[in-house]
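Let me get the picture up, and then we'll talk strands and charged pairs.

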Amino acid sequence: MASKQVERVTMFKIARKEDRDEVLEAYNVLKQTNSKVPSNSMLFCQRQRTRFTNVIYKDGKQYILACEAGHAADEPRAQGWTLVSKTTFASKSDMDYYDTECEAHKALKKVARPVRTDIITVWFESATRG
């Protein structure tokens with residue numbers, strides 16, 4: 001049986017817009033650099049000087065299929081959450097790798113941890129995908 005794609009949503013509470021912009025920059029770098037393949041080439045997140053491995057593929061394919069992030073709308077429904085990301089993985093095992101071993105994700109966490117006051121992450125396999 002083929003593995004199902006996994007959708008992951010993460011929300012942050014980050015007070016300062018400048019800090020949210022820095023986390024968004026880290027997500028942009030993550031989109032370019034996610035991989036299960038090590039590389040000597042590096043990219044940097046300018047303000048934090050965080051290093052990201054500059055490779056995109058796992059066995060010839062990106063293991064992060066899509067990654068979108070942005071400022072949450074400033075309205076009561078946001079309940080204080082200020083930044084949202086949605087990431088699509090080819091499989092649960094790829095998401096597990098992202099959580100435990102991905103160097104690009106580790107670098108993103110180094111940017112986000114010091115500036116966030118709260119975080120929540122949920123994931124699901126779509127029951128409605130075509």
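On E6, threonine 10 has threonine 121 as its bridge partner. Two strands count as paired if DSSP finds at least two bridges between them. E1 and E5 pair antiparallel over seven bridges, and E1 also pairs antiparallel with strand E6, residues 118–125, over eight bridges.

Before I go on, a word on where this comes from. It's a predicted model, where local features need pLDDT of at least 70 and side-chain atom pairs count only at pLDDT 80 or more, while totals for chains, interfaces and linings use all residues. Residues are numbered from 1 along each chain as its sequence is written, and side-chain values use heavy atoms, with hydrogens and water left out.

Now, the charged pairs. How many salt bridges are there? Nine, if you call it a salt bridge when a side-chain nitrogen of Lys or Arg sits within 4 Å of a carboxyl oxygen of Asp or Glu.

One of them takes us back to those strands. Lysine 86 forms a salt bridge with glutamate 7, with 2.9 Å between the closest N and O atoms. Lysine 86 is in strand E5 (residues 83–89) and glutamate 7 is in strand E1 (residues 6–13), so this pair ties together parts that are 79 residues apart in sequence.

Is glutamate 7 buried or exposed? Buried, at 4% relative accessible area, whereas lysine 86 is partly exposed at 40%. For the cut-offs, buried is under 20% relative accessible area, exposed is over 50%, and partly exposed is in between, using a 1.4 Å probe and protein chains only.

Next pair: glutamate 75 and arginine 77 meet in a salt bridge at 2.8 Å, N to O. Arginine 77 is exposed at 68% relative accessibility, and glutamate 75 is partly exposed at 31%.

Then there's a helix example. Glutamate 103 and lysine 106 form a salt bridge, closest N and O atoms 3.3 Å apart. Both lie in helix H3, residues 103–112, three residues apart, or about one turn of the helix. Glutamate 103 is partly exposed at 45% relative accessibility, and lysine 106 is partly exposed at 34%.

Last one from me: Arg16, Glu18 and Asp19 are linked in a network of salt bridges. Okay, over to you folks.

Conventions
Helices (H or I, at least four residues) and strands (E, at least two) are DSSP runs, numbered from the N terminus.
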